[in-house]
Amino acid sequence: MDTFLELRDIDKSFPGVHAVDHVNIEVGRAEVHMLLGENGAGKSTLMKILSGAQQADSGTIIYNGRKINVPTPKRALELGIGMVYQELSLVPTLTVAENIVLGSDIAKNRLGVLDWDSIDRRANEALETLGVNFDTSKKVEELGLGKQQLVEIAKIISHEADLIILDEPTSALTEAEQEKLFNTINRLKKQDVSFIYITHKMEEVFELGDRITVLRNGKSINTLPAAEADEDQLVKMMVGRRLENQYPKEEIEPKETILEVKDLTTKKLKGISFSLRRGEILGLGGLLGAGRSELLEAIFGLREVKSGSILLDGKPLNLRSPVDAVKNNIALLTKDRHNGLVETLQVDENITMADIEEISNSGWLRLTEEEKIAEKFIKELEIATPSLDQHVKFLSGGNQQKVVLAKWLASNADVFLLHEPTRGIDVGTKVEVYNLMNDLAAEGKGIILVSSELPELLSMSDRILVLREGKIVSEHDRDDVTQEEIVANAAGASITD
Amino acid sequence: MSESKSVENTESKSPMEKIGQNVYQKVKSSGVILPLILLIAALSIISPDFLTINNFKNILRQVSVNLIFSVGTAFVILTGGIDVSVGAMLAFSAVIMAGLMPTVGMFPAVLIGLAIGFSLGLFNGLAVAWLKLPAFIVTLAMMLAARAFAFIYTGGYPVSNIPMSFRFLGSGYIGPFPVPVIISLGVLLIGVLVLKYTTLGRFIYGIGGNRDAVKLSGVNVIKYEALAYGINGLLAALAGVIMTARLSSAVPSIAESAPFDAIAAVVIGGVSLSGGKGSLWGVFVGVLIFGVISNGLNLMSVPSFWQNAVRGIVIFGAILFDRLRARS
Ligand SMILES: Nc1ncnc2c1ncn2[C@@H]1O[C@H](COP(=O)(O)OP(=O)(O)O)[C@@H](O)[C@H]1O
Ligand SMILES: [Mg+2]
């Protein structure tokens with residue numbers, strides 16, 4: 001393989017963190033190089049150094065046989081290096097088309113006036129190369145997270161880079177969209193484009209990867225061909241120890257009913273009825289738009305209920321806002337973690353956000369109490385942060401997710417609505433989250449789990465309800481259901497067509 | 001573990017040390033302390049009268065009113081909002097207070113004035129937080145209406161039959177310290193405490209940082225956001241009390257430039273206009289910068305028309321300096 005890019009001895013520290021520790025990596029032409037590692041291992045930082053978004057403290061980048069400097073992302077693009085960031089970098093108030101052409105110069109005609117026809121054409125072409133198609137005149141903020149991710153990817157592809165860096169690109173994509181992305185990658189590979197691909201999903205590693213590099217604590221542990229790697233070995237390299245069981249589900253005898261939903265009808269839900277017992281993990285399956293989010297949001301007081309009722313411990317609730325929900329000890333972990341965090345606040349301040357009563361006395365904060373609670377959860381969830389005072393903005397994505405989880409654990413809720421609780425979290429930490437779910441169940445909490453990762457849904461739920469078009473279409477016990485059945489029920493008629 | 005170690009480190013310091021360090025950090029990170037020091041150094045060289053204790057007492061007295069309403073404006077800007085009605089709320093509450101003083105007595109009149117300021121601010125706040133109207137427009141409307149009512153109520157004349165004893169609040173001394181200075185520093189200190197040690201302060205920062213996240217944590221964001229505006233109104237009225245006491249009359253056209261002075265001081269002090277970031281210590285420095293400039297220009301007898309030009313240049317320069325510093 002002819003070496004196309006070489007990172008030599010790259011080193012970078014932040015206050016209190018040695019984020020990238022003298023890392024060496026080589027990437028060949030037309031190679032898909034997978035970059036693995038736990039949350040906070042330094043993957044994003046290393047790649048930001050390559051894309052010009054961050055500067056290394058020391059080290060050399062050899063690209064196409066020359067030593068290069070990448071002071072800015074713009075320079076990186078000129079050199080043919082494009083990156084899709086983990087935390088997306090689109091302008092929410094601009095349209096899809098505007099975002100895609102942003103930063104390129106073909107969009108102006110000779111007089112310097114924007115040429116809207118060519119902007120639209122170019123945006124549509126970019127989406128087409130990805131095999132997706134949607135209205136490019138929509139504002140980005142009106143799109144879901146998955147669509148935003150696609151726009152960002154399309155934008156980088158449209159720059160015709162020779163090296164494309166993708167930082168957890170599929171974390172919000174549906175199966176179908178993911179498949180389209182993979183096809184695009186394979187097609188571009190044939191045109192000699194190289195990729196560095198960061199992911200926590202093992203299927204992707206083996207489906208796409210040519211070679212794999214594992215980072216741990218900022219250091220490069222090993223680089224090996226994907227064909228010679230197996231999952232256990234990779235996990236061990238990432239975590240530093242063996243993982244016995246990826247889905248450590250504990251059987252817990254469910255107790256009395258805690259939450260009951262009767263004939264619930266909202267704009268998107270049509271007469272949903274089910275009950276959740278203490279100690280039970282109830283999984284919700286279904287395709288995007290089937291009404292799973294709407295159901296969680298209705299139980300959290302974010303949706304107008306047209307008819308039907310929600311009962312907690314047998315008492316009907318009148319939920320007009322999240323204030324009411326949290327007062328009744330209901331917690332919602334949102335799908336998009338940016339809705340769960342105030343990035344300009346500190347780690348401890350975020351952890352106690354939903355539990356302010358616990359740490360305050362008629363309006364005055366008890367900061368030592370706050371520190372105690374925060375420290376407890378930082379330790380329990382192994383949140384990697386140099387201190388309690390660190391602003392959440394500076395944590396790696398997975399650690400941010402852990403902070404959101406810590407917030408709800410600290411709030412002493414009785415009902416946990418978990419929407420993709422392990423998104424963007426590494427394997428080792430996933431197991432910790434599952435163990436936490438077990439603990440919560442054992443304490444008699446009720447949990448509703450929405451997850452698009454079917455193995456997770458099937459392994460961790462005691463019972464699974466499948467939703468389609470706002471209705472419950474089937475109910476399954478964990479012991480006798482397969483992924484295929486869930487998928488078939490979720491897709492419904494369209495699969496038998 | 002590394003995180004527990006660093007936690008112990010901060011605990012081993014005495015509380016005073018901690019607070020001192022904290023103030024130092026906050027002021028330093030607001031960036032403008034250096035321009036202030038440079039300014040003081042330059043003026044000391046130019047004018048021999050500048051670097052005297054008496055003159056500093058003067059400066060503090062001159063900025064006291066500005067400091068009070070700038071603290072209020074900082075509360076609003078920290079939520080990510082803006083309030084351009086500070087001067088109008090100040091004038092409206094002041095003329096009513098002064099008008100009522102002969103009939104209801106001094107103390108009740110002051111309370112009524114403060115209550116009016118708080119209510120007007122709260123009205124702004126509810127319009128913004130609850131009705132989701134744009135803050136700039138809501139407070140612009142308040143600015144026009146409250147100012148107009150101040151003129152209507154007084155017929156355009158100053159209200160001046162107020163008791164001599166009331167003047168104490170504007171020009172009295174407690175020991176060697178002017179009363180307005182004590183009040184304004186008290187407001188600053190209480191503001192700092194509220195922002196750091198109360199749920200209100202926590203949520204003000206939170207709302208400015210990410211309103212949705214705070215709301216989804218089950219917090220009544222409308223209440224806290226509206227309260228920030230209410231506090232701004234209250235402090236505008238308090239500033240009005242002191243101005244009235246100093247001038248011995250309440251003038252309906254008073255404090256026209258107040259909101260802009262406040263916004264300039266707050267932003268120069270390092271508070272982010274998009275909310276969520278900044279501290280009152282920085283705001284204090286921002287207010288001082290303007291005070292020192294006016295004072296210095298007066299000592300050098302620069303005509304007042306020129307003074308505004310200088311202020312404009314300083315605002316621009318300070319912000320530019322701060323951005324360049326942040327980038328490097
Ligand atoms: N801008 C920053 N300031 C301070 N610390 C940072 C910053 N960016 C990342 N870090 C820290 O560097 C480490 C590596 O982070 P990151 O590269 O995002 O990890 P990964 O992408 O592997 O999850 C983490 O401990 C993170 O908290
Ligand atoms: Mg990352």
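A: Happy to! One term to begin with: a residue is buried under 20% relative accessible area, exposed over 50% and partly exposed in between, using a 1.4 Å probe and protein chains only. This is a predicted model, so local features need pLDDT of at least 70 and side-chain atom pairs count only at pLDDT 80 or more, while totals for chains, interfaces and linings use all residues; side-chain values use heavy atoms, without hydrogens or water. Residues are numbered from 1 along each chain as its sequence is written, and chains are lettered from A and ligands numbered from 1 in the order in which they are written.

Q: Good, let me try the term out. Is Glu469(A) buried or exposed?
A: Glu469(A) is exposed, with a relative accessible area of 59%. You'll find Glu469(A) in the loop between strand S21 (463–468) and strand S22 (471–477) of chain A. Helices (H or I, at least four residues) and strands (E, at least two) are DSSP runs, numbered from the N terminus.

Q: And what is the phi of Glu469(A) near?
A: Phi there is near 50°, a positive value in a residue other than glycine. Ala30(A) also has a positive phi without being glycine, near 60°. Ala30(A) sits in the loop between S2 and strand S3 (32–37) of chain A.

Q: Let's move to the ligands. Which residues come nearest to ligand 1?
A: Gly40(A), Gly42(A), Lys43(A), Ser44(A) and Thr45(A) do, out of 14 residues around ligand 1. Here a residue is near a molecule or strand if one of its heavy atoms lies within 4 Å of it.

Q: Which part of the chain gives the most to that shell?
A: That's H1(A), with three residues. Strand S2 (17–28) and helix H1 (43–51) of chain A each supply at least two residues of the shell.

Q: How many nonpolar, polar and charged residues are in the shell?
A: By class, there are six nonpolar, six polar and two charged residues around ligand 1. For these classes, Ala, Val, Leu, Ile, Met, Phe, Trp, Tyr, Cys and Pro count as nonpolar, Asp, Glu, Lys and Arg as charged, and the others, Gly among them, as polar.

Q: Which domains does the shell draw on?
A: Domain 1 (3–239) and domain 2 (257–491) of chain A each give at least three residues to the shell around ligand 1. The domain bounds come from an automatic or database domain assignment.

Q: Where do oxygen atoms of ligand 1 lie 2.9 Å or 2.8 Å from a polar backbone atom?
A: The 2.9 Å distance is to Gly42(A), and the 2.8 Å one is to Lys43(A). Phe394(A) also has a backbone N or O atom 3.0 Å from an oxygen atom of ligand 1. On its own, ligand 1 has 560 Å² of accessible area, and the protein covers 90% of that. Such areas come from the Shrake-Rupley method with a 1.4 Å probe; for residues, only the protein chains shown count as cover.

Q: New topic: which side chain does Gln149(A) have a polar contact with?
A: The side chain of Ser171(A), at 3.1 Å. A polar contact is a pair of N or O atoms within 3.5 Å; within protein, one must be able to donate a hydrogen and the other to accept it, and residues adjacent in sequence count only if both atoms are side-chain atoms. Gln149(A) belongs to helix H5 (residues 145–158) of chain A and is buried, at 4% relative accessible area.
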